[in-house]
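Work through the exercises below with the sequence and the model at hand. Each task is followed by a solution in steps.

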Amino acid sequence: MTVMSNNYVETSRAFSQEEIGAARNAFLQYEQTKQVHLLTVMPIEEAVAILHDCSISYVQQLLTVLETEGHDKRARHFAHQLGFVHSEVDTPQGYLSTSVFEHVKQRIGWIIALALLGIVSGLIIAQYEDTLSQLVLLAVYMPVIAAAGGNTGTQAATLVIRALATGELKKRQWLAVFWKESRVALCLALAIAIVMIGRIVFFSDPASAGGFDINTIALAVAVALFIQVTISTTLGAYCQYSHVRSRWTQPYW
């Protein structure tokens, strides 16, 4: 890999860390407009090797400029290669430029897989049909428990992705992420558990408890919510951090 010509980086297929570092240093000596131009003319493999060794926040600035100047397809390809776009159902082209068939092909596998998993959940619930027929109140709060885990996990994952994108989070900070989100998870879980206990105890019809103590049912729902929210928030943030960071090995300058 040579360092930098006036037009683009010339490189072989195998890049050593020294070659990547030299190319990156030469690349950063140019003004941003020149850097954007180089990204439009150099081979994608070479551009990715250089961008992979730069900070996430600065790379996002370059990709934004690329999109603004009409190179949105190339910018999107860089985003895929660098791990900014990691959704299994996302397409390499723009949303509107992608055909309906391509969208269906990208999504159908996951939709069917999730539907099959839903059947498994239904079969498990069916095993307790007699109990649920008596405990209508418990059946009412089952969707609440499931949704709470998904909502809190998605929130945590979104916040971690944003912190990574802005450069606030660096690599090897997994312990800090885990520690912070575990504390947030405990607070969220405690708050929602208390709210559910109050909702069930003070606003539920005792007749829907199927002869069981309403306080016991409230406690059971609260414990289930507490466990669900705690695990979902902590693992949602940590797993998302690990997934994104595994695609980035660059130092931050």
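Two residues are in contact when heavy atoms of theirs lie within 4.5 Å. The model is predicted: local features need pLDDT of at least 70, side-chain atom pairs count only at pLDDT 80 or more, and totals for chains, interfaces and linings use all residues. Residues are numbered from 1 along each chain as its sequence is written, and side-chain values use heavy atoms, with hydrogens and water left out.

**Exercise 1. Describe the surroundings of glutamine 35.**

Step 1. Locate the residue: glutamine 35 lies in helix H2, residues 32–41. Helices (H or I, at least four residues) and strands (E, at least two) are DSSP runs, numbered from the N terminus.

Step 2. List the contacts. With neighbours within four places in sequence set aside, glutamine 35 touches Phe27, Leu28, Tyr30, Tyr58 and Leu62.

Step 3. Look for a polar contact, a pair of N or O atoms within 3.5 Å; within protein, one must be able to donate a hydrogen and the other to accept it, and residues adjacent in sequence count only if both atoms are side-chain atoms. The side chains of glutamine 35 and tyrosine 58 form such a contact at 2.4 Å.

Step 4. Classify the exposure. Buried means under 20% relative accessible area, exposed over 50%, and partly exposed in between (1.4 Å probe, protein chains only). Glutamine 35 has a relative accessible area of 1%, so it is buried.

**Exercise 2. Summarise the fold of the protein chain.**

Step 1. Count the elements: the protein chain has ten helices and zero strands. Their order from the N terminus is α-α-α-α-α-α-α-α-α-α.

Step 2. Consider burial. Of the 253 residues in the protein chain, 36% are buried.

Step 3. Consider sequence separation. Among contacts with a separation of 6 or more, 71% are between residues 24 or more positions apart.

**Exercise 3. Is alanine 23 buried or exposed?**

Step 1. Alanine 23 belongs to helix H1, residues 17–28.

Step 2. Its relative accessible area is 0%, so alanine 23 is buried.

Step 3. Alanine 49 lies 26 residues away from alanine 23 in sequence and 9.0 Å away in space, C-alpha to C-alpha.

**Exercise 4. How many disulfides are there?**

Step 1. A disulfide is a pair of cysteine sulfur atoms within 2.5 Å. The count by this rule is zero.

Step 2. Two cysteines can still be classified. Cysteine 54 is buried because its relative accessible area is 0%. Cysteine 187, at 56% relative accessibility, counts as exposed.
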